[in-house]
Amino acid sequence: MNTSYQLFIDGVWREGSDGKRVPVINPATEEAFAEVSWGTVDDANLAVESSQKALSGQWGTWSPTRRGRFLLSVAAAIRRNTAELSALFSKEHGKPPHQASSEVEDAARYLEYFGGWANKLTGMTIDLGQGQLDYVLREPLGVTVHIAPWNYPLDIFCRSVGPALAAGNTCVVKPSREISVVTLALARLFQEEGIPAGVLNVIPGPGTVLGKVLTEDPRVRGIIFTGSVATGRTVLQSAALNITPVVSMELGGKAPSLVFVKDESELDGPVGGAVGAMAWNAGQSCGQRARWYVRRDLYEPFLERLAPRVRNLKPGPATQPGVDLGPLVSKKHYDNVMNYIRLGIEEGARLIAGGGRPEGVGEKGYFVAPTVFADCHNGMRIVREEIFGPVITVIPVDSIDEAVALANDNSFGLSSEIWTSDLTTAHLVASKLDVGHVTINGSAAFGFEVPFGGVKLSGLGREGGPEAILAYTRLKNVWVKLGHG
Ligand code: NAD
């Protein structure tokens, strides 16, 4: 396997301008398994320059149909390379193989969905009366900058680069410090499928430096940011400098799940959902169901069923068969999550499962045991703040109105869930939740064909679905006086 990765700028693999390289750490072993070139301000400028040049080069002559076919061919290449991409991904991120390959599949699906859209974008004509023609052109924005987090790097790469390219834009992608080489491996597939030079640039490097330079560059005409609220605020300030359109800003979440099933016989679904909230991506998901509001008569039965299933989850390295969840992505993040677990105990929550480092994983690796805190309330920081690890909080409630009020009592508004067999309750609650995404009796539909995004501190704009691709275009109105005199 390749153990040395370079920047991808202007269709060429190259070292950073100052030759710096940084180690790539496997979070399950804490050992470096590769190194990656580290981009500089000069590299960022070169990337934007090449993306701008590419707009009027060969790329500009590609028809929408050709762009769409190209994205479909990259999607097929991703599928052909699933095994290799997943193995690298597991090494860099820690995800167990089934979770890594699931995200590789998601990446391909985004490109297929948006590839299909490429030749379906239209403008319009507007009737202004006799002797006049008015038409509206739908054009690409131009150079777009994509700043990505580490938790779903392939998924997030394709959900924004896919529509950007489908609509005819060019892209400069800055992956996160923790996860960059799998993104570069993905870029190699775009290159092998024949992307013209400069249309896609991928430049790992220091976030605060490159992020600032890229988002403050007046040549950039679209910013797509996924990450934390704090960085999101900085990006908005940078965008304000040149009034650069912010296509979308996908920030954090602290999703509530409301358990209002008929009786104990229907608890299997929500209990499985709570287990998944800790196991999937080790809880490092913006849409993680982190706050469980359970009707009081179901509360103890819910916890009794949940505890043994959580204790049975197997944390471990991706190389071990049968692992349910991997390590957290970095030492910094591991320390952060462990601090929240200590805080939960200090705040007086009742520990039902987990609560520290799991047994049997040895001393190396950023592993955290799936952790359930019960008897929580909305005043606790572990309920209010995004922990972003395999930790959930459980709270008893007396009525659906109380559950909705508590669910909405949070500064985030990304995702949410309700468990009930009562249709009226389900739809009424869906209409009252102050979020961008509601699921009923399960968790799915986080993108592709449907809009995904948040309200409040969770961000702005939507990724996935028709609205997403329209946001990567701008409108130009053209008025014509017909005839003379
Ligand atoms: P982060 O904000 O620390 O970093 C995100 C990206 O911003 C990284 O690439 C980083 O290098 C870059 N960056 C850092 N400083 C910058 C600056 N000054 N200007 C521009 N860019 C800069 O976030 P993270 O820790 O990588 O990701 C975790 C966060 O992302 C969580 O809050 C999570 O909820 C959120 N997230 C949201 C979604 C969603 O769809 N809503 C999806 C995934 C992750």
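Residues are numbered from 1 along each chain as its sequence is written, and side-chain values use heavy atoms, with hydrogens and water left out. Since the model is predicted, local features need pLDDT of at least 70 and side-chain atom pairs count only at pLDDT 80 or more, while totals for chains, interfaces and linings use all residues.

Strand β1 runs parallel to β5 (residues 31-37), joined by 2 bridges; two strands pair if DSSP finds at least two bridges between them. Helices (H or I, at least four residues) and strands (E, at least two) are DSSP runs, numbered from the N terminus. The open sheet has the order β1-β5-β4, with mixed pairing. β1 (4-5) and β4 (21-26) are its edges, each with a single partner strand, so one side of each is left without a neighbour in the sheet.

Two helices accompany this sheet. Helix α4 (residues 82-93) lies across β1, β4 and β5, at about 95 degrees to β4. Helix α7 (residues 181-192) touches β1, β4 and β5 as well, and its direction makes about 50 degrees with that of β5. Contact here means heavy atoms within 4.5 Å; axes are lines fitted to C-alpha atoms, for helices over the stretch in contact, and angles run from 0 to 180 degrees between N-to-C directions.

Strand β19 (residues 415-419) runs parallel to β20, with 4 bridges between them; Ile-418 has Ile-440 in β20 as its bridge partner.

**The ligand**

Of the 29 residues around the ligand, those that come nearest are Ala-148, Ser-228, Thr-231, Leu-251 and Glu-386; a residue counts as near if one of its heavy atoms lies within 4 Å. The table lists some polar contacts, meaning pairs of N or O atoms within 3.5 Å.

| Residue | Residue atom | Ligand atom | Distance |
|---|---|---|---|
| Ala-148 | backbone N or O | oxygen | 2.7 Å |
| Arg-159 | polar side-chain atom | oxygen | 3.0 Å |
| Leu-251 | polar backbone atom | nitrogen | 2.7 Å |

Taken alone, the ligand exposes 860 Å², and the protein buries 87% of that, with accessible areas from the Shrake-Rupley method and a 1.4 Å probe.

Key
Polar contact = N/O pair within 3.5 Å; in protein donor to acceptor, adjacent residues only side chain to side chain.
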